[in-house]
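Colleague: I'm new to this one. Could you walk me through how to read its sheets and surface?

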Amino acid sequence: MTAIPCEIKDPSLAAQGKKQIEWADRDMPVLAQIRERFAKEKPFAGIRLSACCHITKETANLARALQAGGAETVLIASNPLSTQDDVAASLVHDYNVSVYAIKGESVETYTKHVNIALDHKPQIIIDDGSDVVATLVKERPDLISDMLGSTEETTTGIVRLQAMEKDGKLPWPAIAVNDAQTKHFFDNRYGTGQSTMDGVIRATNILLAGKNVVVVGYGWCGKGCAMRARGLGANVIVTEVNPIRAIEAVMDGFRVMPMQEAAKEGDVFVTVTGNRHVIDKKHFEAMKDGAIVCNSGHFDLELNLESLAAMSKSREQIRPFMEEFTLNNGRRVLVLGEGRLINLAAAEGHPASVMDMSFANQALAVEYLVKNKGKLSNNVHVLPAHVDTDIATLKLKAMGVSIDVLTPEMTEYMNSWTIGT
């Protein structure tokens, strides 16, 4: 058999990785049904696809679905600390998927892997943060003519795509997968909420009950983090720049205040904004001795770690995924997971059952691009509402949950203006 091109940590981890992939597959029934259909219909036959994702056991099952549909797929990691090395090994050894991902890879290696993904001359890109898309447009414009479109997994990437569209620089249709209701309502809220607290606890082994946990940003990810932190007994403080979200946080029972005030009270800080330097130098200066800081947004730049390093007289690795910075004023700040996604750096990311819906959306978004080749404008699109409904219906069925259906009389009433109350 021809060797599969790859760059992974250790091929000998494949056996354990396969067990992990199969374990996740048990809890991903919607994606499994899509994979079975793809295997029969081969909608991606001859399509070159490059995917920049967190290389987890759940992502592996997305890769299996795409491969079953006939896609010629290359996978790279979307974050230096999010790769599960045993899963990467199994994808290569057991499923013949080219993977370029190593947990702890340097920024230079990550950049190299982005260009390897582009060397594949993709017709479709699955992106998580839009690094591959942006690199292609800025540095490899010769590849634009091959592209059918791209899909985007996360809020940060959608913001970048919308900025490209606004500047007239988006050269193909892009699907905002994260904006599907069966994605952000569940993945971002329940997935990020649980996996973030899991990462914090694994990295620190602290008791969250009684701690002041500051959640920076109250989007769907922030809602999930605040919910789960409160469930563990924490006193939750929310910071926001959006007045409507701030009111929502107040109505949900959380204290809301500016970051500068929260910095003085927080024991644990979690950023989930997708923006840069939301915890900055002045905030680090105001923190208590022993404050713990982490990020569950997309990029590590949510924390101004360069300023933190510059204002520190020493730094020391205390335990895996925990580095202590001793400030010039003597107070200590602990940074988890190098400021990268704590739920993937120190934990395993979202549970398979929620990624089942997210990756069902990804798989169907790729199919939508292929089926609508040449028909979609070069804009950011959301999947049709019926796709969301179909995914939710399949998920409910897999969970053994039944719901009501409208009677003909109900349907008539909802669609008529002539029938009175």
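This is a predicted model: local features need pLDDT of at least 70, side-chain atom pairs count only at pLDDT 80 or more; totals for chains, interfaces and linings use all residues.

Colleague: Which order do the strands of the open sheet have?

Modeller: In general, strands of a sheet pair through backbone hydrogen bonds, either parallel or antiparallel. Here, seven strands form an open sheet with parallel pairing, in the order 3-2-1-4-5-6-15. Strand 3 (98–100) and strand 15 (380–381) are the edge strands, each pairing on one side only. Further in, strand 1 (residues 48–53) runs parallel to strand 4 (residues 124–127), joined by three bridges. Look for Ala 51, which stands opposite Ile 126 in strand 4.

Colleague: And what does helix 6 touch?

Modeller: Helix 6 (residues 131–139) packs on the sheet, touching strands 1, 2, 4 and 5, and its direction makes about 135° with that of strand 4.

Colleague: How do I read the two faces of strand 10?

Modeller: In a regular strand the side chains alternate between the two faces of the sheet. In strand 10 (residues 268–271), Val 268 and Val 270 lie on one side, Phe 269 and Thr 271 on the other, and all are buried. Strand 10 pairs in the parallel sense with strand 7 (residues 212–216) over four bridges. Four bridges also join strand 10 to strand 11 (residues 291–295), again parallel. Val 270 is the bridge partner of Val 215, while Phe 269 has Val 293.

Colleague: Is Ile 403 buried or exposed?

Modeller: Exposed means over 50% relative accessible area. Ile 403 has 63%, so it is exposed. With Met 399 and Val 401, Ile 403 makes a nonpolar surface patch of about 310 Å².

How values were computed:
Residues are numbered from 1 along each chain as its sequence is written. Side-chain values use heavy atoms; hydrogens and water are left out. Patches are made of residues with over 30% relative accessible area and no salt bridge: like charges are joined within 9 Å, nonpolar side chains (Val, Leu, Ile, Met, Phe, Trp, Tyr) within 5 Å. Accessible areas come from the Shrake-Rupley method with a 1.4 Å probe; for residues, only the protein chains shown count as cover. A salt bridge is a side-chain nitrogen of Lys or Arg within 4 Å of a carboxyl oxygen of Asp or Glu. Buried means under 20% relative accessible area, exposed over 50%, partly exposed in between (1.4 Å probe, protein chains only). Two strands pair if DSSP finds at least two bridges between them. Contact means heavy atoms within 4.5 Å. Axes are lines fitted to C-alpha atoms, for helices over the stretch in contact, and angles run from 0 to 180 degrees between N-to-C directions.
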